[in-house]
Amino acid sequence: MPTRPLWPTRRDLLKTTGGAVAASLLAANARAEPSPDKPATQPAGKLIGIQIGAVSFVDEGVARVLDTVQERAHVNAVFLAVFTYGRGIGGRQVPGQPLPDHGKQEYDLDFHGGNFATPHPEFYQDTVLKDLKAPDHGRLDILEAVLPEASKRGVRIFCWAEDVWRGNLPGIEKVQEVDLEGRRLNSLCLRNPDYRHFLDGLTRDYATSYPVAGLMWGSERQGPLNNALGASHGGGGDPTRVGCFCEFCREEARQRGISTDRAIAGYRQLAGFVQSARKGERPRDGHFVQFWRTLVEYPELLAWEKLWSDGQHEAYALIHSAAKSVRRDVQVGFHIWHLNSFSPFWRAEQDYARLAEHADFFKAVMYNNCGGPRFANYIRNVHRTFFGDLEPEEALRFHYRVLGYDEKGLEDLPSGGLSADYVFRETLRAKEGVAGGAAVYPGIDVDIPTGKDEKKTTPDDVREAVKAAFKGGADGIILSRKYSEMRLDNLSGAGRGLREADIVSR
Ligand SMILES: [Zn+2]
């Protein structure tokens, strides 16, 4: 099988993009080669960032929100959720979770999402995903509303966009992924030219239309092999509803010499294994051997996983090129999903050194509080499929050893969370991984919602996590997931951590 470069080649671009976009991307590539001036565009000092959705500025006022985060946590950068259909970063508190001690004291049950700035039509000519203005706050352009006040204070604004969609947008079916039985999925195909044109247009729109410091994109997704096995901290999922097998992915497979028919046959066999394992049936030779036998019989399973993963990383490269084609100084980075902390399989696909060729920074998620219940969920999921031969506690210990942690047993993990030491180890690993090629900003957990009797954030948790990140060599931090779910005392915990670590003066 021929090896492929991580980023789109000239041939790929001409094949998958329209003329004008291709020309601009190619020109961008020519200008976006790594150059000696890259470090000079990094901001001086440590970045102290926080993620905030538009609704918080609407509810509390721009100046007041900035006052609060500057006074309590010395924030000098806001990652403003400008494009998402997800409440996780774009809305108020998750319904059912306690509202924090600031902001409007009611849930936004009608949250919709979309582009919270202004989509300028000239950037969306080559995509079916056109006017995606978020209807949540009328015609308000949140970047126009926040940028002047932030700039006056020296607070940098980053556009924070994520790969989260809703299924009822005009034309969306044209870009959705296709599962192994030919059904449309809610997720969008990262190889679909319409989606690539959209990502290119969105990036250039933000970088051109607003004086922002940078952009961050997040795609909390993985390929069909990991999804079929339920190797995640979310729901297990139906192993037949995995993709993508759309016409563009099939064409990519053909070029790589992978048989689509064999891949689909392999995924059907794998789905059968997963379904019977979840019913508690033990394969004659055990779960792990049966899984591996399927993989040996159908190496196309792994080939399709790589095809998917390459598509995601090509989207990173495309976004990076698009932004740099507008302005060399705009900082482009990526949110690296929490699964990187739990799944050795997904981690294997996230090679920081390679990814750093197309990034100025990474926000590596290291949410230690919700990390406890999430890790326990991940173990529960994989214990029901390919790690079914082990006791759950053994599966957890195996993962700790493989991933390089020393944390609580399964019984105490959901209520106790992961430690600050986990943040330290993950920061160190990320820093070593990028080898100076990009900045590392650990994502710090401040009140990310968890279930009943599960770990809740305290000010000391935040303080210790912040200190651990800088002890690990972090270039900054990003307080996450969003201001609208954070308690003010916990935000102050970040401030204390920063002062104790001598990142800011006392
Ligand atoms: Zn596809």
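Modeller: A residue is called buried if 20 or more other C-beta atoms lie within 10 Å of its own, exposed if 12 or fewer, and partly exposed in between, with C-beta atoms placed from the backbone. By that count D447 is buried, because it has 28 C-beta neighbours inside 10 Å. The model is predicted, so local features need pLDDT of at least 70 and side-chain atom pairs count only at pLDDT 80 or more, while totals for chains, interfaces and linings use all residues. Residues are numbered from 1 along each chain as its sequence is written.

D447 lies in the loop that runs between β10 (439–445) and α19 (459–471), where helices (H or I, at least four residues) and strands (E, at least two) are DSSP runs numbered from the N terminus. Its phi is near 65°, which is a positive value in a residue other than glycine. A positive phi is also found at H74, where the value is near 55° and the residue is again not glycine. H74 sits in the loop between α4 (62–73) and β2 (77–84), and it counts as partly exposed because 17 C-beta neighbours lie inside 10 Å. A further backbone feature is the cis peptide bond from S480 to R481, with omega near 0°; R481 belongs to the loop between β11 (476–480) and α20 (488–500).

Among the helices, the axes of α7 (residues 193–209) and α12 (residues 300–326) come within 8 Å and cross at roughly 35°, the axes being lines fitted to C-alpha atoms over the stretch in contact, with angles from 0 to 180 degrees between N-to-C directions. On the α7 side the residues that meet α12 include R196, L199 and D200, and on the α12 side the partners include A315, L318 and I319, contact being defined by C-beta atoms, placed from the backbone, within 7 Å.

For the setting, the chain holds 20 helices and 11 strands, and buried residues make up 54% of its 506 residues. The C-alpha trace spans about 65 × 55 × 45 Å along its principal axes. Of the contacts in the chain with a separation of 6 or more, 80% come from residues 24 or more positions apart.

Notes: Two residues are in contact if their C-beta atoms, placed from the backbone, lie within 7 Å.
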